[in-house]
Amino acid sequence: MGMKDEVWLRHANSWSVWTRVLTPLPLLALAIWSRAWIGYWAWLAVGVVLVWIWINPRAFSRPESFDSWSAQGVLGERVWLRHREKVAEHHKRVANTVAVASGVGLLPFAYGLWAFDLGFTCLGIVVISGGKMWFVDRMAWVWGDFLRDGGTIEDLTVGS
């Protein structure tokens with residue numbers, strides 16, 4: 001997503017996290033299903049959803065505090081991406097397993113979109129989103145460990 005340091009801090013806003021978890025997949029499903037009603041114009045609907053996915057972490061202000069679970073999850077994800085060597089092996093194993101499990105949700109999601117099957121589409125959304133939430137929870141643990149080991153928000157900037 002090409003997110004710079006300040007965008008990551010804005011994304012730590014709980015509104016950004018929750019709207020990012022709850023809206024993209026249902027909106028994408030609706031946009032793709034709209035091909036049955038509006039034909040090729042569905043590509044425009046898909047484009048609008050993709051723009052929303054890009055705008056979302058930039059649309060909210062930096063939170064006043066980083067004490068919320070969602071903010072800690074975002075900061076932990078930043079540690080995961082920037083300082084992977086500081087992440088405990090047990091966190092790496094769980095995070096990678098959850099990512100694979102979440103990825104499996106793409107199968108029913110894609111099939112449901114192709115076949116206009118609401119059940120499979122919803123199953124895919126639940127598996128993908130549930131996996132993402134579990135990943136965010138793990139990243140909140142990563143953030144807590146990073147802080148206990150003396151890390152700071154400043155360690156997550158480009159110069160670090």
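Predicted model: local features only at pLDDT ≥ 70, side-chain atom pairs only at ≥ 80, totals over all residues.
Tyr-111 has a relative accessibility of 38% and therefore counts as partly exposed. Tyr-111 and Phe-120 form an aromatic pair, with 5.0 Å from centre to centre and 80° between the planes, and the geometry is edge-to-face. Trp-114 joins them: ring pairs link Tyr-111, Trp-114 and Phe-120 into a cluster.

Let me turn to the aromatic pairs in general. The structure holds five of them. One of these is formed by Trp-80 and Phe-135, whose ring centres lie 6.0 Å apart. Their planes stand at 90°, above the 60 degrees required, so this pair is edge-to-face. Trp-80 belongs to helix H6, residues 69-82, and Phe-135 to helix H9. The two residues are 55 residues apart, and the pair thus links distant parts of the chain. Are Trp-80 and Phe-135 buried or exposed? Both are buried.

Helix H3, residues 24-33, packs with helix H9, residues 118-148, at an angle of about 150°, and their axes are 10 Å apart. Angles over 145 degrees count as roughly antiparallel, and H3 and H9 are therefore roughly antiparallel to each other. Their crossing is right-handed. On the H3 side, the contact is made by Leu-25, Pro-26, Ala-29 and Trp-33. H9 contributes Leu-118, Thr-121, Ile-125, Ile-128 and Ser-129.

Terms used. Residues numbered from 1 in each chain as written. Heavy atoms only, no water. Axes fitted to C-alpha atoms, helices over the stretch in contact; angles between N-to-C directions. Helix = DSSP H or I, 4+ residues; strand = E, 2+ residues; numbered from the N terminus. Parallel < 35°, antiparallel > 145°, perpendicular 65-115°, else oblique. Left-handed = near helix turned anticlockwise from the far one by under 90°. Contact = heavy atoms within 4.5 Å. Phe/Tyr/Trp six-rings, centres within 6.5 Å; stacked < 30°, edge-to-face > 60°. Buried < 20%, exposed > 50% of the residue type's maximum accessible area, 1.4 Å probe, protein only.
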